[in-house]
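The sequence and model are shown first.

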Amino acid sequence: MTWGIGHHPTLPRPRPHTAATAIRPTYGRPTTAPRPRPTSHAPDQEAGGRETAGTAQAAVSQTEPPTPPAPTSVRPVNPETPDFLHATRTSYDAIVGPYSDRHADHLADLPLDRSLLTGFAELVQATAPHPVADLGSGPGAVTARLHALGLPVFGIDISPRMVSLATRTYPELRFHVGSMTSLDLPDETLGGIAALYSVIHIPDDHLPTTFAEFHRVLIPGGHVLLAFQTGDDDGHERLTERFGQEIALDYYWRTPDTVSDQLAKAGLDIRARVVREPHEDETRPRAFLLARRPA
């Protein structure tokens, strides 16, 4: 298929950081979403998830915000939660302030990446009114962009503090604490899934069950858009410090072929793949995969 570089939607205006509000599980505007279970997040930067610095209308603040409190309406971490999910949650909780400042809207200066998101939105609109989930929603800018493109979207993130921040920044949208590895959603619920720089924290042995979850919750004909850092070979890196904070984050670099094979094994057909070279301060190429659950 052909991807066009075009529409750059206007994001909802970020709101000042005020006291945290209760998180109610609903999709964007319409209906009510089932309550997601606690667990996985999308990240940033060269070693991480929702990357590259960007200052645009979606920026959370020009000054560093105080670390927001964790929402009180979400469930605590299950003691049986896999270690990698607990580590990802606590790490992003620790760096929410500086992370959101640096990566408030990583798509602002990336027209090619925005065009891929726009193409995904146009495909998913054909499945309306089924909602879309932004998995690893972080500060909420990608969720807001999808909303601006006309999709009934909600965000899910592993980090309660990220969810609290996104909820206050975009109060017209809905964000929930949850994990892409175990979505608390009925079968065949979603018209689309966006997971930009979030599967990079999923270990290899958990990737098949994660993509099986995607297949389960998608309606027939529903689409998935993935973005992740890539290279010539698969690899793994652990970070123990970011923004001066002690963390324990594992990053998994995979080739498009590796991820495509796992998607196919989960019953999702690959419809398009794009690999672009690093932009400015990025050090790794970026891969985008569009997949579809067969109708």
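## The second largest cavity

Phe84, Ala87, Thr88, His201, Ala248, Leu249 and Asp250 line the second largest cavity, where a cavity is a set of points on a 1 Å grid over the protein atoms alone at which a 1.4 Å probe fits but cannot get out, and lining residues have an atom within 4 Å of a point. Of this lining, four residues are nonpolar, two polar and one charged. At least two lining residues come from each of α1 (83-94) and β7 (245-253), helices (H or I, at least four residues) and strands (E, at least two) being DSSP runs numbered from the N terminus.

The second largest cavity holds about 30 Å³ of space, and the search of the whole structure finds two cavities of 30 Å³ or more.

## Packing of α3 and α4

The axes of helix α3 (residues 111-125) and helix α4 (residues 141-148) come within 10 Å and cross at roughly 50°. α3 is therefore oblique to α4, since angles under 35 degrees count as roughly parallel, over 145 as roughly antiparallel, 65 to 115 as roughly perpendicular and the rest as oblique.

In this packing, Arg114, Leu117 and Phe120 of α3 meet Val142, Arg145 and Leu146 of α4, contact meaning heavy atoms within 4.5 Å. The residues of this contact divide into four nonpolar, no polar and two charged.

## Basis of the values

The model is predicted, so local features need pLDDT of at least 70 and side-chain atom pairs count only at pLDDT 80 or more, while totals for chains, interfaces and linings use all residues. Residues are numbered from 1 along each chain as its sequence is written, and side-chain values use heavy atoms, with hydrogens and water left out.

How values were computed
Axes fitted to C-alpha atoms, helices over the stretch in contact; angles between N-to-C directions. Nonpolar A, V, L, I, M, F, W, Y, C, P; charged D, E, K, R; others polar. 1 Å grid on protein atoms, 1.4 Å probe; cavity = no way out; pocket = protein on both sides within 12 Å on 5 of 7 lines; lining within 4 Å. Points joined across faces, edges and corners; volume = space filled by probe spheres on them.
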